[in-house]
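Subject: Handing over a structure, with notes

Dear colleague,

I am passing on the structure below, and my notes on what was found in it follow directly after. Please read them with the model open beside you.

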Amino acid sequence: WSSDVCSSDLNSRWNIAPLALLAYMTRSGGMVLAIAVGFFVYIILRRNWSALVLLIPACIFLSHHGEVTSFWSDRLVSWKIALDTYSQHPIIGWGIGSWKVVFPPLSHLGSRIWPQAHNDWLQILWETGIIGFGLFVGYAGWLLRKLSKLAHTERGLRLLCGLVMVCVSMMFHFPMRTIECVLIMVLTMGVCEIVIKYEECE
């Protein structure tokens, strides 16, 4: 847990390489945006303006090699219908796991509909209502607020930026719907809480 060891390991600019490669391989506009927002938060809080020289060209390159243009077409239609049908059960939602069963016949989109909303925030709202959505957002907000207070440390800042990337990615993908991602997210949130308690006790 030494800050010196952490900084010497994490300060390398090569840490962006695996994320950039992942965005390129997946051809995902949402992934590009999530990575860009996370690193932009890091640049702002660290005042490392020289990193923009690397970030901006990388985002332009990845956006031109991804599905950024076609990214929105079906998503926006699906999201609008989801918001309209959500109003029928705004308090407790339609039920956990009900999207892939209930939403397709409600949407009348036929083969264009996915078994997930491609927006975890919206699907959580649709399935669990304002109660479940409020609890989830409240916990995520608590983690972000706590980590933002630790942004002066390299460890806290890295976790903050990583959590921001996850939150942005959830706006366009469905990490909460795949077991591998859920396990990683649970472990990550656990690490966040441990770091928060560790830093607060110092």
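Two residues are said to be in contact when heavy atoms of theirs lie within 4.5 Å. Among contacts in the chain between residues at least 6 apart in sequence, 69% join residues at least 24 apart.

Before going further, please note that this is a predicted model, in which local features need pLDDT of at least 70 and side-chain atom pairs count only at pLDDT 80 or more, while totals for chains, interfaces and linings use all residues. Residues are numbered from 1 along each chain as its sequence is written, and side-chain values use heavy atoms, with hydrogens and water left out.

Overall picture

The secondary structure comes to nine helices and zero strands, where helices (H or I, at least four residues) and strands (E, at least two) are DSSP runs numbered from the N terminus. Read from that end, the elements run α-α-α-α-α-α-α-α-α. Of the 202 residues in the chain, 37% are buried; here buried means under 20% relative accessible area, exposed means over 50%, and partly exposed is in between, with a 1.4 Å probe and protein chains only. The chain exposes about 11500 Å², of which carbon and sulfur atoms supply 70%, the areas coming from the Shrake-Rupley method with a 1.4 Å probe and, for residues, only the protein chains shown counting as cover.

The nonpolar core

A nonpolar core is taken as a set of buried Ala, Val, Leu, Ile, Met, Phe, Trp, Tyr and Cys residues joined through side-chain atoms within 4.5 Å. The largest one has 34 residues, and those with the most contacts inside it are Ala-82, Trp-99, Phe-103, Trp-126, Leu-147, Leu-157 and Leu-160. At least two residues of this core come from each of H3, helix H5 (73-86), helix H6 (99-107), helix H7 (120-149), helix H8 (154-169) and helix H9 (179-201). If residues up to four places away in sequence are not counted, Trp-99 touches Ser-78, Ala-82, Pro-104, Trp-114, Pro-115, Gln-116, Ala-117, Gln-123, Trp-126 and Glu-127.

Arg-46 and the salt bridges

A salt bridge is counted when a side-chain nitrogen of Lys or Arg is within 4 Å of a carboxyl oxygen of Asp or Glu, and by this rule there are four of them. One of these joins the side chains of Arg-46 and Glu-154 (3.1 Å, N to O), and the pair links distant parts of the chain, with Arg-46 in helix H3 and Glu-154 in helix H8, 108 residues apart. Arg-46 lies in the helix that covers residues 29-46, and it counts as partly exposed because its relative accessible area is 28%, whereas Glu-154 counts as buried because its relative accessibility is 9%. Leaving aside neighbours within four places in sequence, Arg-46 is in contact with Ala-151, His-152, Thr-153, Glu-154 and Leu-157. The C-alpha atoms of Arg-46 and Leu-157 are 8.7 Å apart in space, although the two residues are 111 apart in sequence.

Glu-154 also meets Arg-158 in a salt bridge (2.8 Å, N to O), and salt bridges that share partners join Arg-46, Glu-154 and Arg-158 into one network. Arg-158 and Glu-154 both lie in helix H8, four residues apart, about one turn of the helix. At 22% relative accessibility, Arg-158 is partly exposed.

A further salt bridge is formed by the side chains of Lys-80 and Asp-84 (3.3 Å, N to O). These two are separated by about one helical turn, because Lys-80 and Asp-84 are four residues apart in helix H5. Lys-80 is exposed, at 54% relative accessibility, and Asp-84 is partly exposed, at 44%.

Cysteines

How many disulfides are there? With a disulfide taken as a pair of cysteine sulfur atoms within 2.5 Å, the count comes to zero. Among the cysteines, Cys-161 is buried, with a relative accessible area of 5%, and Cys-181 is partly exposed, at 30% relative accessibility.

One more residue

Val-137 has its place in helix H7 and is partly exposed, at 33% relative accessibility. The C-alpha atoms of Val-137 and Ile-124 are separated by 9.8 Å, the residues being 13 apart along the chain.

With best wishes
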